[in-house]
Amino acid sequence: MFGLKADWSLDIKQRYFSLGDYTAGEARWCPGCGDHGVLTVVQRICRDEQLLPEKTVAVSGIGCSSRLPHYMGTYGFHGLHGRALPVACGIKSRRPDLDVWVATGDGDCYSIGTGHWIHAVRYNMDMTVLVFDNSVYGLTKKQTSPTTPIGFQSNTHPQGAPLEPLNPLTVTLGISNVSFVAQTIDWNPVHLYETIKAAHNHKGFSLVNILQRCPVYSDNVFKHLQEDPSQLLLLTHEKGIHLEKSLLRLFPNQQEHDPLNMSEAYDIADQNVPVGLLYHNPDVPCYEDISSQGKDMGIDDKLVALNAAYDQFAI
Ligand SMILES: Cc1ncc(C[n+]2csc(CCOP(=O)(O)OP(=O)(O)O)c2C)c(N)n1
């Protein structure tokens with residue numbers, strides 16, 4: 001941000017944004033909630049990348065996690081339950097110059113928002129989508145969500161959730177035009193940061209499933225992973241998420257995985273609790289680029305194209 005000029009004076013950029021520029025209000029999540037860590041990481045990435053606050057927008061649905069836009073000193077849109085993605089796609093289609101972030105929950109995205117999730121992946125519009133997956137409906141106080149483990153006692157299933165959970169990673173990997181799928185854990189801030197940064201750097205729809213602790217309603221769901229990290233599979237690769245050697249030691253179970261290898265990504269997601277970049281294809285076209293074709297046409301060219309289109313109906 002600072003540079004030396006030829007006359008040895010300092011070239012100081014007019015605008016430098018500190019963490020405070022991306023912060024608004026006091027986060028009202030419970031003490032110990034993983035959402036705090038994700039918010040901090042998002043704000044740090046904004047600061048480190050010096051994103052213009054007036055060109056950044058955080059979009060959400062409804063849920064505890066969907067309160068994130070309130071705490072960002074950027075533009076924000078706190079929408080309706082399950083509807084974060086259509087709002088985000090609408091914003092991106094009209095304002096492709098904006099940096100769009102989406103905060104959504106496992107209930108918000110993978111239940112009521114399922115249709116939007118599938119089609120937003122297929123449209124591959126450039127946005128960073130963070131799914132706060134705490135395996136439960138948090139805001140409405142502990143109902144079974146699509147990712148609730150079988151047998152988990154929730155308020156809707158006091159005898160235990162009866163179904164195998166939906167696997168958001170394999171489902172996302174199966175959608176046409178998928179371009180970026182990763183999973184991370186809120187209790188490793190470095191991996192969280194590196195994964196969200198990689199997602200943000202990807203041009204296209206990046207989905208990051210974040211295993212997120214809810215200390216009030218699903219405290220026991222990720223405990224076994226925290227206490228025994230060998231139950232996690234860390235994905236390593238030069239094109240993947242990089243961790244320092246000292247942090248690599250925290251993950252006894254590792255596998256080198258090329259994020260372009262879709263069938264391996266699917267098998268890993270199906271059989272493990274992976275942490276890292278499962279799939280990344282930078283060459284999938286973004287809908288906003290395809291649909292903007294012709295946007296710069298002059299009025300005469302538009303008239304010619306319109307008349308040609310009408311001529312199709314001449315009998
Ligand atoms: C149309 C509609 N249906 C249901 C609700 C009630 N509701 C609000 S938040 C929520 C669940 C949120 O769970 P999740 O998306 O997992 O987010 P979390 O609170 O766990 O972060 C539900 C069912 C609603 N607000 N609107």
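Tutor: Lys55 counts as partly exposed because its relative accessibility is 32%; buried means under 20% relative accessible area, exposed means over 50%, and partly exposed lies in between, with a 1.4 Å probe and protein chains only. This is a predicted model, in which local features need pLDDT of at least 70 and side-chain atom pairs count only at pLDDT 80 or more, whereas totals for chains, interfaces and linings use all residues. Residues are numbered from 1 along each chain as its sequence is written, and side-chain values use heavy atoms, with hydrogens and water left out.

The side chain of Lys55 meets that of Asp97 in a salt bridge, at 2.7 Å from N to O. The pair links distant parts of the chain, 42 residues apart: Lys55 is in the loop between α1 and β3, and Asp97 is in the loop between α2 (84-94) and β5 (99-105). A salt bridge here is a side-chain nitrogen of Lys or Arg within 4 Å of a carboxyl oxygen of Asp or Glu. Helices (H or I, at least four residues) and strands (E, at least two) are DSSP runs, numbered from the N terminus. Asp97 has a relative accessible area of 38%, so this residue is partly exposed.

Glu54 pairs with Arg15 in a salt bridge whose closest N and O atoms are 2.9 Å apart. This pair, too, links distant parts of the chain: Arg15 is in the loop between β2 (10-12) and α1 (35-48), Glu54 is in the loop between α1 and β3 (56-60), and 39 residues separate them. Both partners are partly exposed, Arg15 with a relative accessible area of 44% and Glu54 with one of 35%. Gln50 lies in the loop between α1 and β3 as well. Its phi is near 50 degrees, a positive value in a residue other than glycine. Most residues other than glycine have a negative phi. With a relative accessibility of 23%, Gln50 counts as partly exposed.

A positive phi also occurs at Asn124, where the angle is near 50 degrees. Asn124 is found in the loop between α4 (114-123) and β6 (127-133). The relative accessibility of Asn124 is 0%, so this residue counts as buried.

The loop between β2 and α1, which holds Arg15, also contains Gly20. Gly20 is partly exposed, as its relative accessible area is 49%. From C-alpha to C-alpha, Gly20 and Met72 are 9.4 Å apart in space, although 52 residues apart in sequence.

The side chains of Asp258 and Lys239 meet in a salt bridge at 3.8 Å, N to O. Asp258 lies in the loop between β12 (254-256) and α9 (262-271), and Lys239 in the loop between β11 (233-236) and α8 (245-248), so the pair ties together parts that are 19 residues apart in sequence. Asp258 is partly exposed, with a relative accessible area of 27%, and Lys239 is partly exposed at 44%. In total, the structure holds eight salt bridges.

These pairs sit in a chain with eleven helices and 13 strands. Its radius of gyration is 21 Å, close to the 20 Å that the globule rule gives for 315 residues, so the chain is as compact as a globular protein of that length. The radius is taken over C-alpha atoms, and the rule is 2.2 Å times the number of residues to the power 0.38. Of the 315 residues, 45% count as buried. Among contacts (heavy atoms within 4.5 Å) with a separation of 6 or more, 66% join residues 24 or more positions apart.

A UniProt record, in an unreviewed entry, places the feature "domain: Thiamine pyrophosphate enzyme TPP-binding" at residues 62-210; such annotations may be inferred rather than shown by experiment, feature names are shortened, and positions follow the numbering used here. The span of residues 62-210 is 32% helix and 23% strand, and its end C-alpha atoms lie 17 Å apart.
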